[in-house]
Amino acid sequence: MRKRVLLVTRNFPPLTGGMERLNYHIYLELEKEFEISIAGPEGCHKHLSPHTLYSSFPSRPISAFLFRSLIATYRLAVKEKPDLIIAGSGVTAIAALIAGRRVGAKVMAFLHGLDII
């Protein structure tokens, strides 16, 4: 049985930029070996394989993003019971941590540039 991974990120297509490309390529590589699901920005489903389960949330305004990403991540984690939850940036780390504690998953986060400050 393949391990399950949940990728939580605000930085994913259809948004554009370096972090978005990085998270997209993380997804592409992980889906080769794991059952992967995504909690990502609205429209992300257009960039996923048809079998990838996803939950989406608005990327703006920041208040809606923070609240809705937390709920989307938590619900998807409870449904999928991932072995690992990856936060694609520091801003999604709290949602990943809360969901990970709920389902007993390991949690990791990628930090980029200003995430560290």
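This is a predicted model: local features need pLDDT of at least 70, side-chain atom pairs count only at pLDDT 80 or more; totals for chains, interfaces and linings use all residues.
Residues are numbered from 1 along each chain as its sequence is written, and side-chain values use heavy atoms, with hydrogens and water left out.

**View 1. Five strands form an open sheet with parallel pairing.** The strand order is β3-β2-β1-β4-β5, where strands (E, at least two residues) and helices (H or I, at least four residues) are DSSP runs numbered from the N terminus, and two strands count as paired if DSSP finds at least two bridges between them. Because β3 (53–57) and β5 (106–109) stand at the edges with a single partner strand each, one side of each is left without a neighbour in the sheet. From one strand to the next, the twist averages 15°, with axes taken as lines fitted to C-alpha atoms (for helices, over the stretch in contact) and angles running from 0 to 180 degrees between N-to-C directions.

**View 2. Strands β1 and β2 run parallel and are joined by five bridges.** One of the residues involved is Val 5, whose bridge partner in β2 is Ile 36. Strands of a sheet pair through backbone hydrogen bonds, either parallel or antiparallel. Four of the five residues of β1 are buried, so this strand is largely enclosed by the rest of the structure; here buried means under 20% relative accessible area, exposed means over 50%, and partly exposed lies in between (1.4 Å probe, protein chains only).

**View 3. Arg 4, Glu 35 and Glu 80 are linked in a network of salt bridges.** A salt bridge is a side-chain nitrogen of Lys or Arg within 4 Å of a carboxyl oxygen of Asp or Glu, and the structure holds three of them. Between Glu 35 and Arg 4 the closest N and O atoms are 3.6 Å apart; this pair links distant parts of the chain, with Glu 35 in strand β2 (residues 35–41) and Arg 4 in strand β1 (residues 4–8), 31 residues apart. Between Arg 4 and Glu 80 the closest N and O atoms are 2.8 Å apart, and this pair too links distant parts of the chain, since Glu 80 belongs to helix α2 (residues 62–80), 76 residues from Arg 4. Glu 80 is buried, with a relative accessible area of 13%, whereas Arg 4 is partly exposed at 22% relative accessibility and Glu 35 is partly exposed at 34%.

**View 4. Glu 29 and Lys 32 meet through their side chains in a salt bridge.** The N to O distance is 3.0 Å, and both residues lie in helix α1 (residues 18–33), three residues apart, which is about one turn of the helix. Glu 29 counts as partly exposed at 48% relative accessibility, while Lys 32, at 52%, counts as exposed.

**View 5. Asn 11 lies in the loop between β1 and α1.** This residue is buried, with a relative accessible area of 12%. The side chains of Asn 11 and Glu 20 are joined by a polar contact of 3.1 Å, a polar contact being a pair of N or O atoms within 3.5 Å, of which, within protein, one must be able to donate a hydrogen and the other to accept it, and for which residues adjacent in sequence count only if both atoms are side-chain atoms. Leaving aside neighbours within four places in sequence, Asn 11 is in contact with Met 19, Glu 20, Asn 23 and Ser 89.

**View 6. Phe 12, Tyr 24 and Tyr 27 form one aromatic cluster.** The structure holds four aromatic pairs, where rings of Phe, Tyr and Trp (its six-membered ring) pair if their centres lie within 6.5 Å, and planes under 30 degrees apart count as stacked, over 60 as edge-to-face and the rest as tilted. The rings of Phe 12 and Tyr 27 have their centres 6.0 Å apart and their planes at 80°, so this pair is edge-to-face. Because Phe 12 lies in the loop between β1 and α1 and Tyr 27 in helix α1, the pair ties together parts that are 15 residues apart in sequence. Phe 12 is buried, with a relative accessible area of 0%, and Tyr 27 is buried at 1%.

Key
Contact means heavy atoms within 4.5 Å.
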